[in-house]
Amino acid sequence: DVLPSPDGPAPSVSITEIRQYLRAQDIPFHDGYSCLHTPSLFVGDHGGQPLSANAPFTLFIDKTTGSFLCTATLAEGTWQDFQANVEMRLRGISPIPPASSEETEEEMRRAREDARCIWERALPLWELLDEKEIKETKALFGISQVTNATLKRFGVRYLRTARSLVFPWFSPQDATLKGLKLVRVEKNGNTITYVEETLPRFESYRNLFGLPLIGRRDTELVLTGWELDALALHQAAGVASLALPRGTSCLPPTLLPYLEQFKRITLWLGEDLRSWEAAKLFARKLSLKRCSLVRPGNLQPRPLEALNQGLNVTKILRSALLASHKSIVSFRQLREEVFGELVNTEQVSGVKWSRFPELNKLLKGHRRGELTIFTGPTGSGKTTFISEYALDLCMQGVCTLWGSFEINNVRLAKIMLTQFAGRRLEDQLELYDEWADRFEELPLYFMTFHGQQNIKTVIDTMQHAVYMYDITHVVVDNLQFMMGHEHISVDR
């Protein structure tokens with residue numbers, strides 16, 4: 001994914017401009033938490049007629065970017081697309097949702113077809129004939145306490161051939177199958193890792209798992225980072241719960257409209273400090289005033305673990321901390337946070353590099369809000385090293401944005417792909433697609449700037465990327481190129 005397009009970033013729009021435009025066009029709207037709600041341009045035939053305030057408000061405009069989504073027709077686009085459609089309507093032409101490329105459409109159609117085939121081959125767990133196999137499978141995934149009724153309610157199945165749990169993604173419009181997530185367990189000694197695969201691919205997999213079970217009148221929600229946690233929460237506390245498609249790594253803005261109906265959202269994303277950091281980041285997107293966070297700790301593990309340990313899940317939810325805070329606090333309010341930092345000293349020091357143990361001794365790990373500068377003479381290997389350094393974190397789920405002003409993105413991606421594969425792919429071209437597919441799954445983005453750049457444009461692009469993709473690590477290579485050699489008087 002490349003940000004922004006070479007023609008320059010999409011012009012930013014302020015919330016004031018959006019409101020002024022809607023008023024000027026007589027479009028009724030009301031203010032939501034992260035979006036403005038209006039009647040949809042794409043529902044019914046209203047050529048030239050003003051939109052009625054009695055129509056359902058199914059079109060949502062993101063307050064930060066101006067992009068829109070109609071939940072009734074799934075039409076989506078930029079603020080400019082929205083304005084173009086309003087103009088068409090005024091001229092009596094029926095608005096047309098912005099189309100994606102034929103290639104993308106074809107890819108999505110194929111992915112849906114593949115998903116349908118897998119779904120039909122998968123069985124509900126309790127339909128496996130052998131009781132022993134059912135028990136072993138449940139134990140492997142740590143869901144021995146999860147009842148068949150809960151699995152049935154959420155539509156979870158099991159694909160025997162791949163030894164994977166299958167989580168469906170149903171369209172909120174018509175309940176058709178839009179995609180799947182497959183989760184399998186890999187054991188390495190005593191450590192267990194969960195390997196996930198999605199159809200369609202991750203970047204277009206926008207499933208809030210559990211959404212079809214949400215009622216129109218539900219006003220409270222628990223947001224989790226994992227499908228099995230959503231099952232555990234529903235079973236243990238009877239609460240409305242949803243799982244984010246990419247766990248704690250990002251909350252795509254296109255999902256915000258589906259979360260607008262909730263007056264209170266509790267974020268319980270996991271049991272480590274990275275989940276806690278992600279919860280604070282997502283709460284800002286969702287509007288702090290309605291969010292509460294479950295602080296990770298020994299007595300507050302992730303929901304599935306809490307169910308397995310027989311802990312009181314409702315009590316843990318009640319103890320969630322409000323995300324919004326006043327400007328002045330006392331130590332009493334900080335006390336639990338300080339204790340958390342003392343208990344988790346390893347995690348507080350940041351995400352460790354797996355390939356560079358010596359670097360962990362120097363920097364302790366990658367932490368948000370820190371600036372690290374690498375210096376060295378030309379040709380000493382700074383770019384080669386930093387691409388490996390960033391790749392190491394990216395493989396551990398740290399969302400990364402690259403700004404390479406010195407070498408172009410194709411060359412940089414080639415270096416990183418070679419480092420990722422750990423082999424010379426030019427000698428084994430038949431392996432290229434396999435490694436490229438795996439590389440594509442990484443949360444890695446590139447800015448399309450090259451050579452000297454205006455600082456404001458670069459910063460605006462970074463801010464856009466942070467909002468859209470929850471970027472937590474930005475690499476700039478290198479500072480001299482970015483600064484240029486003019487404006488010597490400016491405080492760099």
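pLDDT is the predictor's confidence in each residue, from 0 to 100. Helices (H or I, at least four residues) and strands (E, at least two) are DSSP runs, numbered from the N terminus.

**Entry 1: confidence.** I noted that this is a predicted model, where local features need pLDDT of at least 70, side-chain atom pairs count only at 80 or more, and totals for chains, interfaces and linings use all residues. Residues are numbered from 1 along each chain as its sequence is written, and side-chain values use heavy atoms, without hydrogens and water. I looked up the mean pLDDT of the chain: 86. Confidence is lowest in strand E1 (residues 2-3), at a mean of 49. Strand E12 (residues 241-243) has the highest, at 96.

**Entry 2: the sheet.** I traced an open sheet of five strands, in the order E12-E11-E13-E14-E15, with mixed pairing (two strands pair if DSSP finds at least two bridges between them). E12 and E15 (321-322) are at the edges with a single partner strand each, so one side of each has no neighbour in the sheet. E14 (residues 291-293) pairs with E15 in the antiparallel sense, over two bridges. Leu321 in E15 is the bridge partner of Leu293.

**Entry 3: the core.** I then checked the largest nonpolar core, which has 32 residues. Such a core is a set of buried (under 20% relative accessible area, 1.4 Å probe, protein chains only) Ala, Val, Leu, Ile, Met, Phe, Trp, Tyr and Cys residues, joined through side-chain atoms within 4.5 Å. Which element gives the most to this core? H7 does, with eight residues. Domain 1 (15-91) and domain 3 (216-348) both give residues, so the core lies between them (bounds come from an automatic or database domain assignment).

Notes. Buried < 20%, exposed > 50% of the residue type's maximum accessible area, 1.4 Å probe, protein only.
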